[in-house]
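This briefing is intended for a reader new to the structure shown below.

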Amino acid sequence: MKRFYWLLMSMSAGMLTSPVLAQTPPTQPPAGTLSPAVPTGPWTLQRSIDYALQNNLTVRQQQLTSTLQNATLRQSQAALLPTANLSGTQAWNYGTSLDPLTNDFVSQTIRSNNFSANTQVTLFAGFQLRNTVKRNALDAEASLLDIDKSRNDLALNVASAFLQLVLAEELVRTNEVRVSSTQAQVERTQKLLKAGAIPESNLLDIQAQLASDELNVITAQNQRDLARLSLTQLLNLPSPTGFQIEVPPLADPDDEPLLSADPDGTYQTAQSLLPEIKAADLRVRSAQRSLDIARGAYYPRLAFGAGIFTGFSSSRLARVFNGDSTEAVAVPVFQPGVGGQPVPSQYFLLQPKQAIPELLPSGFTSQLKDNLGKSLQFSLQIPILNGLQTRTGVQRAQINIQQQELRAEQTRLQLRQSIQQSYADAIAAQRRYLSARRQVEALTTAYRNAEIRFNNGLLNGTEFNIAKNNLTAAESTMIQAKYEFIFRRKVLDFYQGRPISL
């Protein structure tokens, strides 16, 4: 909005005889690729705003930032859940090495596998995890409000550029009317000169005025083209060629009652509506949550974990009974003899064949079952001294709160000052328009009188051109005041929660 105000001020300061539309780059120039689909037909202000909101890359970038912040929020919420991991390895050891399962030194090639599953959950961490979720939720909400602010800024910029183009086209039409009027005056002067009613100097003066008016038309057309280019760039259109706007009927400032200033009431309304104020307050609360997170580092951390493990080693052997002995063994039967001593009898017991034990490599499935191990553990970490990192983190968080509070206060101060300035500019523009209109009416009468006197040879060309240029300057001032008042009034409507429209 400041761009439009500066534009009008530069025009009123530097264009007394030739109203030229100043040009500055867009406040939010689009960057990157151009929009592939371009609507046709005259553009209204509402259509321009809607198209810009859909295609402006600044708004789209802010939307991506908000999406990223939402992803950060989801990640912090998932941090409250337990962690679970599976792992597996396979290795080959050559030469003399340590068996990973038996811890025996063997001199052979060993293939081994390790499999494990682990889970862990944080039971207490100084409420850091929960405060992190709350902080990220506030940041995600603030990022959505940043999108709204970006859209509001873009809508105001489009409205400013649109009115700038309307003003430029009206200046072109005004200058073309002046050229037509001056051309007709040249023709009348030529006839009067042929009749001997006026000197030749009058014709030369009016021809010089015609050349100046034609130059003003060219200058106004160039500035109109630049204004059209500025608006199409803000809309992210590929080219200004064929771009035309639909000029709405705009009421003159004198058709409305004098604007009464109520900056405080408008400020209270805007403060409760504008997203930048809400976003600033949310970031203060987010900074307070960051302080709680930093203080959480003073507390102990308690975690619980569980795991299961198994493995396989190709060097592990198992005792396996495979097959029977080849001979049966006859065992004599003893009986009591003289004196109670046992003596062999004539009877024998035939002992059955015995199985033969062998050491064979243990199977993969058997080892996974036999080597299965489980674990449960609680871990407690008590901070005692960590290089004052926690204390420094708390101090930084406290400073961050103060910074966010200052930013929020600065945002409110800028809003209040902007509203006050808009009221002052709108009232001044309306008063300037009323004064300029009266001046135009008076100078129009003076110009007509000067034209009659000039046509009758009672006024030289220099004095006639002065009267014409005075009228031109007054008309230019009136047009500038009209559009400045319209824009300032729309800005005040925006602060009061009304949609931007013409």
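The structure, which is a predicted model, holds 14 salt bridges.

**Salt bridges between helices**

- Asp146 forms a salt bridge with Arg283, and their closest N and O atoms are 2.4 Å apart.
- Because Asp146 belongs to helix α4 and Arg283 to helix α7 (residues 275-295), this pair ties together parts that are 137 residues apart in sequence.
- Asp146 is buried, at 17% relative accessible area, whereas Arg283 is partly exposed, at 28%.
- Helix α7 also contributes Asp281, whose side chain meets that of Arg412 in a salt bridge with an N to O distance of 2.7 Å.
- Arg412 lies in helix α9, and the pair links distant parts of the chain, 131 residues apart.
- Arg412 is buried, with a relative accessible area of 17%, while Asp281 counts as partly exposed at 30% relative accessibility.

- The side chains of Arg489 and Asp493 meet in a salt bridge at 3.9 Å, N to O.
- Both residues are in helix α10, and because they are four residues apart there, about one helical turn separates them.
- Arg489 is partly exposed at 25% relative accessibility, and Asp493 is buried with a relative accessible area of 13%.
- A network of salt bridges links Glu169, Arg224, Asp225 and Arg228.

**Packing of helices α9 and α10**

- Helix α9 (residues 389-455) packs with helix α10 (residues 461-495) at an angle of about 155 degrees, and the two axes are 6 Å apart.
- Since angles over 145 degrees count as roughly antiparallel, α9 is roughly antiparallel to α10.
- The crossing of α9 and α10 is left-handed.
- The residues of this contact comprise 22 nonpolar, eight polar and nine charged.

**Residues with a positive phi**

- Most residues other than glycine have a negative phi.
- Phe127, although not a glycine, has a positive phi of about 60 degrees.
- Phe127 is found in the loop between β4 (110-124) and α4 (128-194), and is exposed, with a relative accessible area of 52%.
- Leu388 is likewise not a glycine and has a positive phi of about 60 degrees.
- The loop between β10 (373-381) and α9 contains Leu388, which counts as partly exposed at 46% relative accessibility.

Note on methods:
Residues numbered from 1 in each chain as written. Predicted model: local features only at pLDDT ≥ 70, side-chain atom pairs only at ≥ 80, totals over all residues. Heavy atoms only, no water. Axes fitted to C-alpha atoms, helices over the stretch in contact; angles between N-to-C directions. Helix = DSSP H or I, 4+ residues; strand = E, 2+ residues; numbered from the N terminus. Parallel < 35°, antiparallel > 145°, perpendicular 65-115°, else oblique. Left-handed = near helix turned anticlockwise from the far one by under 90°. Nonpolar A, V, L, I, M, F, W, Y, C, P; charged D, E, K, R; others polar. Buried < 20%, exposed > 50% of the residue type's maximum accessible area, 1.4 Å probe, protein only. Salt bridge = Lys/Arg side-chain N within 4 Å of Asp/Glu carboxyl O.
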